[in-house]
Amino acid sequence: MASISLRGVEKRFGAVEVIPSLDLDIEDHEFVVFVGPSGCGKSTLLRIIAGLEPVSAGELRFAGERANEKSPAQRNVAMVFQDYALYPHMTVYQNMAFGLEMRRMTRAEIDERVRRAARMLEIEPMLGRHPRALSGGQRQRVAMGRAMVRDPSVFLFDEPLSNLDAQLRGQVRTEIKALSQRLRTTMIFVTHDQVEAMTMADRIVVLQRGVIQQVGTPEEVYEQPANRFVAGFIGAPAMNFLPVTQEHGAVRLGNGTALRVDHTRSGPAILGVRPEHFVAAPPGQGLAAELLLVEPLGSDTLVHFMAGEVRCIARVRPETRPQPGQVLHFTVQPDRAHLFDTESGAAMR
Amino acid sequence: MERDQKSAAARVLIAVLAIIAAALILTPLVWMVLSSFKSSDQVTAYPPSLLFRPTLANYENLARTTSFLAYARNSLIESGGATLLGLLLGIPAAYAASVTRASWPALATLSARMAPGTLFLVPWYLAFRDFNLIGSYTALILTQGVIALPIVIWVLLPVFDAIPRSVLEAAQVDGCGVLRSLWRIGLPLARPGIVIATILSFVFSWNFFLFALVLSDHSTKPLVVAAFNFIGEGSTDWGGLMAAATLITLPPLVLAIAVQRWLVAGLTLGAVKG
C-alpha cells in the first residue's frame, strides 16, 4: 500500500516539454483517474509513476520515500497496458506467474496466487491457453490477473478499456471498480473517456498540455469546474458556452435576451450551461430556440438550436416529442449556470 | 467473373516467373551435380550430353586422394564457431540497438559488411601473424565471425523491433532487467529470426573463401579451400571439383530444407505489424 507524491515533476523529450511542472498527491487506497484529451501528458505521467520514464526534474515519492531512482519492480507497481502486453509465447498461467517467478516465490505460493486471481476473474478454464486464443475481453482479464497476483502497492491502468467494444467496456469498467473496492489498493487509471473517469474515480485529475487543470471528486469537477476547459471536457454532451454581459442577477446574450443567473458581477463573461440545466419556459419568455436537430435517446431527448452565433444542445423530456423547426423557449437554472472569465477561462465564483 | 479471370492470369504469370527464377537458380546446381557423376572427358565434352552412364569415380577419387572428412570437420568447426560467435555478440547487440532505438550500431556493422573482404585481410593477417595464430581455428573463427556478426544484427534488428514495446515494459514492471528480458521474452519471441540468422551466418561463413585461403594451413583448411586444389596450373579435374562442390553444398542445403518453415517465417518477420 502506498501514497504517491509528485513535487515539481517535469518531463521533456528533447526540446519538447510534455509536463512543465507538476505537483500532485495521491492518497493510499485512492482510485485516481487521469483524464484529458490525446497528447495531454496523462500516459507520460503514469509511465513516470511506473518507473518506465525518468523525470527531467522534480521528485517522486512512494510512501514518503524518494522513488526517482527506483525501478518499476522496486516501486512494487503493477500495470495494465492499453494493448494488454501479454507475453505471446506464454500460457495464461505462465503470464500470471511470471512476475512472481521474478520475485523468487515458491511454486506452491505462485500456484495458489495464480489460481485465486483466476477464480476471482473467472478465467480459470483459460489458464492453459495462449493469449492468441483469447478474445479481447479475456485478454483484458488476464492482464488484470497478472497485475493482481503481484499484490502490488499501486495498480496502474493505461487506457485498458479503449480496445474493447462499448458493451464490454461498460462491463469491465464495473468489474475494475468492484475490484478496487475489494482490493483496497491505490489505483491510477488513465483514460480520455470522461464517462470512465466519472464512474470510476474517487478523484479525477484533469490534464491539458501537461498541466493539471483541476483535481477533485467527480461531483466537484462536474458541478464546480475550475475553468472552461474542465467544464467543456467533463460531461456529455459538452457544456454550452455563450458570450454574455453580466448585469445584476442576470446575464444578457448578444441578441438582447436576458437570463436570470446567480452570482453575477458586471462586465463580459462566458455563460456555461449544461444541456440538462436548460429549463423549458412558456412562449415569449427566455431564449427562443428554433430546433435544428432532434436526437431521441430514449431516456431523454437532445435538441440542437442556435443561440445567436453559438450552436447549443439542451436535454428535454422525451414525452415533449419536439420536432425540427419547432420553436421552444428556454431559461437556465440560475444556481446551475456557470460564468467564466472571457480571457483566462477561469471560473468566476 | 472478370476478377476470377484476372486472378487466374496472375496465378499463371506468378507460376511462369517462379519457374524461370527456379531454372536460373537451379540450372548451375543441377549441372554441378550431374557433372560430378561424369568422367572428366564427359564433363568437358562438347556438345554436353545429358544422357550418360553415371560413375562414382569422382567421389571415390575424392575419398581416396584427399582428407575430405578432415576438411569437412574443419569447415564445421570454423563455420559453427563463427556462427556461434556471431550469435553470441549479435543477439545482445541487436536487442540493445532495438531497445534503445539506436541506429548507429546497425549502420556501423552494415558498413563493415559492405566493405570488401580484402580490406580486412591484410590487417587481419598482420595481427594474427604477430599473435602467432596463422593457421589456427581461432583466426578463422574470428575472421568469419566478422562475416556472421552483421548478418545476425541485420536479421534480428527488425525482429526485435517487431516485439511490442509494451511487452518488454511489462517484463520490466514484472521485475526483469535488460538481460533477463532478452532471455525470457526477447529470445523466445525472436526464435524464427534467430533460426534464419543462424542459417545465413553458417552458409555465408561456410562458403567464405578468401579469409580461409590466406589464414588456414593444411590442418585447418576448410572444404572450400580444399576444393580449390582440383584447379591445377595446367589442367583442372572438373569431375573431382564438381564432386567436391556437390558435397560442400550438401550441409547448408540440408540445413535450409530442414528449417524451411522457419526460414520463410523468419524472412517475413517484422514485415507486417502483428
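Colleague: How many aromatic pairs does a search of the whole structure find?

Modeller: The search finds 14 aromatic pairs over all chains, where rings of Phe, Tyr and Trp (its six-membered ring) pair if their centres lie within 6.5 Å. This is a predicted model, in which local features need pLDDT of at least 70, side-chain atom pairs count only at pLDDT 80 or more, and totals for chains, interfaces and linings use all residues. Residues are numbered from 1 along each chain as its sequence is written, chains are lettered from A and ligands numbered from 1 in the order in which they are written, and side-chain values use heavy atoms, with hydrogens and water left out.

Colleague: Why is the pair of F31(A) and F189(A) called tilted?

Modeller: Planes under 30 degrees apart count as stacked, over 60 as edge-to-face and the rest as tilted. The planes of F31(A) and F189(A) stand at 35 degrees, with the centres 6.1 Å apart, so this pair is tilted.

Colleague: What makes F155(A) and F157(A) a stacked pair?

Modeller: Their planes are 20 degrees apart, with 6.0 Å from centre to centre, and the pair is therefore stacked. F31(A), F155(A), F157(A) and F189(A) form one aromatic cluster.

Colleague: Why is F31(A) called buried?

Modeller: Buried means under 20% relative accessible area, exposed over 50%, and partly exposed in between (1.4 Å probe, protein chains only). F31(A) has 2%, so this residue is buried, and F189(A), at 0%, counts as buried as well.

Colleague: How do you know that R146(A) lies over the face of Y87(A)?

Modeller: A charge sits over a ring if NZ of Lys or CZ of Arg is within 6 Å of the ring centre and within 35 degrees of the ring normal. R146(A) is at 4.8 Å from the ring centre of Y87(A) and lies over its face.
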